[in-house]
Amino acid sequence: MAGKKHIFNKIKVQKQLYLIYLIAILIPVAIIGSYLVYNSRSLLLGHYKELAYADNLRVKSLLLDITSDIYNRSKTLASEKALVDLLSADCRREPEKAMVLLNRTSIAELLSQDVSIHQINIYTFNKTIPESRHIRHITDEVRKQGWFLRASSSVSPFWSKTAFSDDFGNEAESLCLYTHIFLPKQNSYAILNMTLSNNQLKNRIEGSSLYTVIWLNQDEIFYRSSRTAPQYDQITAYAPDTDASYTGTVELGEKMIGSISPLLASYSNDLFYIASVNDSGYAYMRKITYTYLAILLLILLATSIFIHLFSSYFSSRVVALREAMHNASLGSYDIIDSYPGEDEISDAFADLNIMIQDILHKEASIYEAQIRAQLLENQQQRMEFKMLASQINPHFLYNTLETIRMRSIKAGCLEVANAIKLLGKSMRYVLQNTATSFTTLEKELDYIHTYLAIQKLRFHDRVNYSLKIRTPIELDEYSIFPLLLQPVVENAILHGLEDVEENGRIIIHILTREEKLHIVIFDNGCGMTLEEIDRMQQNMKHHPQESSKSIGLYNIYHRIQLYYGSAYGIRIQSRLGFGTAVTLILPAAGME
C-alpha cells in the first residue's frame, strides 16, 4: 500500500484523476462493453445457426416425404397389371388397342390426384405401341442419354436431374425418378419416369425467410429459392464429405450463415444435399454491433468530457493554491484575498492566508531586531578597528622589519632576512586589503605564494606547492575577494598534511568551466571519511556559535553565497589515504 501511495505522489493531481478514470471507468467499461458486444454477437450467431439448422431439418423432412411418396407411387404403378399388359401387347394389327389399354392404367388418375407429380413418361422397347403423351420409344438418341445408360446398367430405382420446358415455354430443371417395369412375358423391361413438380416443391419448402438450395449427388443444383441470385450456386463447395451436416459461416460473395446436410434417398443410393442460407444474419449482427459500439463510445465520450472538465476545474484550484504557497515560500506574500469554493481546498487557502499574515507580522518584528543588532555590530567593529589602528602604525612596523632584515643580511643570516621579507610582504597585503572589497586573482595568488613560502620555511619538505592553470586565463582580469584562499590553504597545511613527514604537496588548479571560475586547492594528506566530510560541510553551512572549528570555511562559504548567490560556493572532495580537494566556485565574469 505504501508503494502505491509513493507512485501516486509522483503524479500531478490532474493526471491522477485521469489515471483513476482510466483504471476505474474507461478500461472496465471498455472491457465489459466489448464482452457484451461479443456475447451479443455470439448469441445472435448461435440463434441464426439454430434457425438455419431447424429450417434445414424442415426442408430435409419435406424432401424425404415427397421423394418417398413418389417412390411408393412409382413402385405401385410399375407393378400395375394394366400397365404391364399394355407394354407386353402386340398392337400392330389393332393400334387402337394400345389406347384402350392405356386408359385402363391409373396414370391419368395419378396425375390428377397427386399434384406433386408433374409428368409421367414410360420408355419402352415395344415399337408396336404408338407414341403418345405418356409413351415414348427407346430410340438411338434415348440410348445415348446418361439416365438411360445408368438405368440399363442397374435395376435399382434412381433419381436424376432433367431439363424441361414448362407450360409457358421457360426452361426449367426438375427431379425425376427412374424405375424399371419388368415384363416377364417379353423377357424385357420398360423404364418409368416420374418428374417431380417444381411448383409443389416450392410451395411446400418456401415457408420461411431463408434461402433454400437442393442438389443431387454433388451434381448441379435442381432447386433454388430464387433464380436471380447466382452467387448461391457456390454453396455446393460446402457440401460435407461425410454423412454429418455443417452449420456455420459460408462465403457467398459475402458472409452468410448456412446449414448443409445430406439426405440418402429411399430405396436408392442417391444422395440429396439440402442447404438453408440466412443472408441477413451477419448484416443484422453488424447493425447491432455498430449500435452497441456507438452507445458504448457515447458513454465513454460523455464520461471522458465530464472527467476532463472536472479534473481541469479541480486542477486549476489546486494549481492556484500551490502557486500561492510557492510564492509565499519564496517570500512573495502578495496573493489573492478570496478563493472560490467552500470545500477543504478553500479552507486550506484561508489557513494559508492567516499563516501569511502571521509571518508578515513576525518578519517585521525580526527585521527590526536584525537592524538593531546589525547597527550594534557595525558600531562594535568600527570601534575595534579604530583601537587596532591606533595601536599599530603600519609604517613603523614595515620600517622596523626592514631594519631587522638589513641587519640580518649584514650578519650573514640570509634565511632570516628572507623570512622577514616574506612576513613583511604578507602583512602589507593583509593591511592593504582590510578596507577593500575586491582584489585581482593575480594579487591573491601572489599573496598565497608568499604565505606558502613562509610555511615552507617552517615545515621544510613537509610543504611543497605548485600552481596549475588548465585553460588560458589572464589572472589580472579576474576579481576575487581578498584573503579568500588563505584559510583554505591553511586548513590544507594544518589538517591535511598534519601526519605527513615529507613530500607533502599543495597543488592549486585554476580553470573555467560553464562560465564559472573553479579554484581547486588539493593536498595529498591523510584525507577524510564520508562522515568527516559530511560533518565538515554541515559546519561550513551551519556553524555552531560555541565552536571555533571550520570558522574560516564558514566565513568564505557565506561571503560567496551572500554576494554571488546559491549557484556558487565551496565543494569538498576527499578520500581516506589519498588527500582532499576543496573547490571554490566563483563567477568567471572578469573584473565585473
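This is a predicted model: local features need pLDDT of at least 70, side-chain atom pairs count only at pLDDT 80 or more; totals for chains, interfaces and linings use all residues.
How many of the 8 residues of β15 are buried? The count is 6, so this strand is largely enclosed by the rest of the structure; buried here means under 20% relative accessible area, exposed means over 50%, and partly exposed lies in between, with a 1.4 Å probe and protein chains only. Residues are numbered from 1 along each chain as its sequence is written, and side-chain values use heavy atoms, with hydrogens and water left out.

Let us start with the sheet that holds β15. It is an open sheet of 5 strands in the order β12-β14-β15-β17-β16, and its pairing is mixed. Strands (E, at least two residues) and helices (H or I, at least four) are DSSP runs numbered from the N terminus, and two strands pair if DSSP finds at least two bridges between them. At the edges sit β12 (464–469) and β16 (569–575), each pairing on one side only. On average, neighbouring strands of this sheet are turned by 15° against each other, direction ignored. Axes are lines fitted to C-alpha atoms, for helices over the stretch in contact, and angles run from 0 to 180 degrees between N-to-C directions.

Now follow β15 to its two partners. With β14 it pairs in the antiparallel sense over 8 bridges, and here Ile 508 stands opposite Ile 521 in β15. The hairpin of these two strands has 2 residues between them, and Glu 514 takes a positive phi near 55°. With β17 (residues 579–587), β15 (residues 516–523) is also antiparallel, over 8 bridges. Across this pairing, Phe 522 faces Ala 581 in β17, while Asp 523 faces Thr 580.

Helix α14 (residues 486–496) packs on it and touches β14 (505–513), β15 and β17, its direction making about 20° with that of β15; contact means heavy atoms within 4.5 Å. Helix α16 (residues 551–564) lies across β16 and β17, running at about 140° to β16.

Leaving aside neighbours within four places in sequence, Ile 572 is in contact with Met 528, Ile 533, Met 536, Gln 537, Met 540, Thr 580 and Ala 581. Met 536 is 36 residues away along the chain, yet the two C-alpha atoms are separated by 8.8 Å.

A second open sheet of 5 strands has the order β7-β6-β10-β9-β8, with antiparallel pairing. Its edge strands are β7 (221–224) and β8 (246–251), each pairing on one side only. Neighbouring strands here are turned by 25° against each other on average, direction ignored. Within the sheet, 6 bridges join β6 (residues 211–216) to β10 (residues 271–278) in antiparallel fashion, and Trp 215 has Tyr 273 in β10 as its bridge partner. Helix α8 (residues 198–205) packs on the sheet, touching β6 and β7, with its direction at about 50° to that of β7. Helix α2 lies across β6, β8, β9 (255–264) and β10, running at about 30° to β9.
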